[in-house]
Amino acid sequence: MLKKAWFRFGLSRALGELGIPSNTVPSPLRHAVIDLGLSEGFNPREAALIIYFRTPAMRLLEAQRAQTTIAAWQTSQLVRQGYFGRAVRQDFPLPEGSGVRESLFQDS
């Protein structure tokens, strides 16, 4: 239980580093990514990449910031290359839909 709470906190922080407000991520996707991350041994940054790569570029508030952050994570090896490749390919059984809602006011 505590591990899940820490993972959720880390995921929210990693999403923030990518410029993705965590309240824009649909709840079913967020919960699925947390469960997947815990079961497959992802760290929160790797889990955040799953959401990032599901998000159309036009919905990212700070696309350049996200790309710079991802490059820094890769350079400092905070994201393992194998997990990065899986995030890019979206090689996971997750709910359908985008990584973020079009609007903060859209129902999840």
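The legends below go with a set of close-up views of this predicted model.

Figure 1. Let's start with the overall picture. The secondary structure comes to five helices and zero strands, and from the N terminus on the elements run α-α-α-α-α. Of the 108 residues of the chain, 40% count as buried. Among contacts between residues at least 6 apart in sequence, 81% join residues at least 24 apart. The next views go through the helices and their contacts.

**Figure 2. Helix α1 and its buried side.** Helix α1 covers residues 2-17. At 1.5 Å a residue, its 16 residues should span 22 Å, and the end C-alpha atoms are 23 Å apart, which agrees. Within α1, the buried residues are F7, G10, L11, A14 and L15. These residues cover an arc of only 135 degrees around the axis, so they sit on the same side of α1. If you like to check the pattern against helix geometry, an α-helix has 3.6 residues a turn, so residues three or four places apart point the same way. On the other side of α1, L2, W6 and R13 are exposed. The buried residues of α1 pack against α2 (27-40), α3 (44-53) and α4 (63-75). Just after the helix, G19 takes a positive phi of about 80 degrees.

**Figure 3. Where α1 meets α3.** Here the two helices pack at an angle of about 60 degrees, and their axes are 8 Å apart. That angle makes α1 oblique to α3. α1 passes α3 in a right-handed crossing. On the α1 side, the contact is made by F7, G10, L11, A14, L15 and E17. The α3 side contributes P44, R45, A47, A48 and I51.

**Figure 4. A closer look at P44.** This residue has its place in helix α3. Is P44 buried, exposed or partly exposed? With 22% relative accessibility, P44 counts as partly exposed. Leaving aside its neighbours within four places in sequence, P44 is in contact with F7, G10, L11 and A14.

**Figure 5. Where α1 meets α2.** For this pair, the packing angle is about 120 degrees and the axes are 10 Å apart. The crossing of α1 and α2 is right-handed. From α1, the contact involves K3, K4, F7, R8 and L11. From α2, it involves R30, H31, V33, I34, D35, G37 and L38.

**Figure 6. Where α2 meets α3.** These helices pack at an angle of about 140 degrees, with 10 Å between their axes. α2 passes α3 in a right-handed crossing. L29, V33 and L36 of α2 make the contact with A47, I50 and I51 of α3.

Figure 7. How many of the ten residues of α3 are buried? Seven are, so α3 is largely enclosed by the rest of the structure. The buried residues are E46, A47, A48, L49, I50, I51 and Y52. What covers them includes α1, α2, α4 and α5.

**Figure 8. The loop between α4 and α5.** Two residues are picked out in this view. Q77 is found in the loop between α4 and α5 (81-89). Although Q77 is not a glycine, it has a positive phi of about 60 degrees. Q77 is exposed, with a relative accessible area of 67%. L78 lies in this loop between α4 and α5 as well, and at 34% relative accessibility L78 counts as partly exposed. Which residues does L78 contact, leaving aside its neighbours within four places in sequence? They are N43, R45, E46 and W73. L78 and R45 are 33 residues apart in sequence and 7.5 Å apart in space, C-alpha to C-alpha.

Technical notes: Residues numbered from 1 in each chain as written. Predicted model: local features only at pLDDT ≥ 70, side-chain atom pairs only at ≥ 80, totals over all residues. Heavy atoms only, no water. Helix = DSSP H or I, 4+ residues; strand = E, 2+ residues; numbered from the N terminus. Expected span 1.5 Å × (residues − 1). Buried < 20%, exposed > 50% of the residue type's maximum accessible area, 1.4 Å probe, protein only. Arc of directions from axis to C-beta. Contact = heavy atoms within 4.5 Å. Axes fitted to C-alpha atoms, helices over the stretch in contact; angles between N-to-C directions. Parallel < 35°, antiparallel > 145°, perpendicular 65-115°, else oblique. Left-handed = near helix turned anticlockwise from the far one by under 90°.
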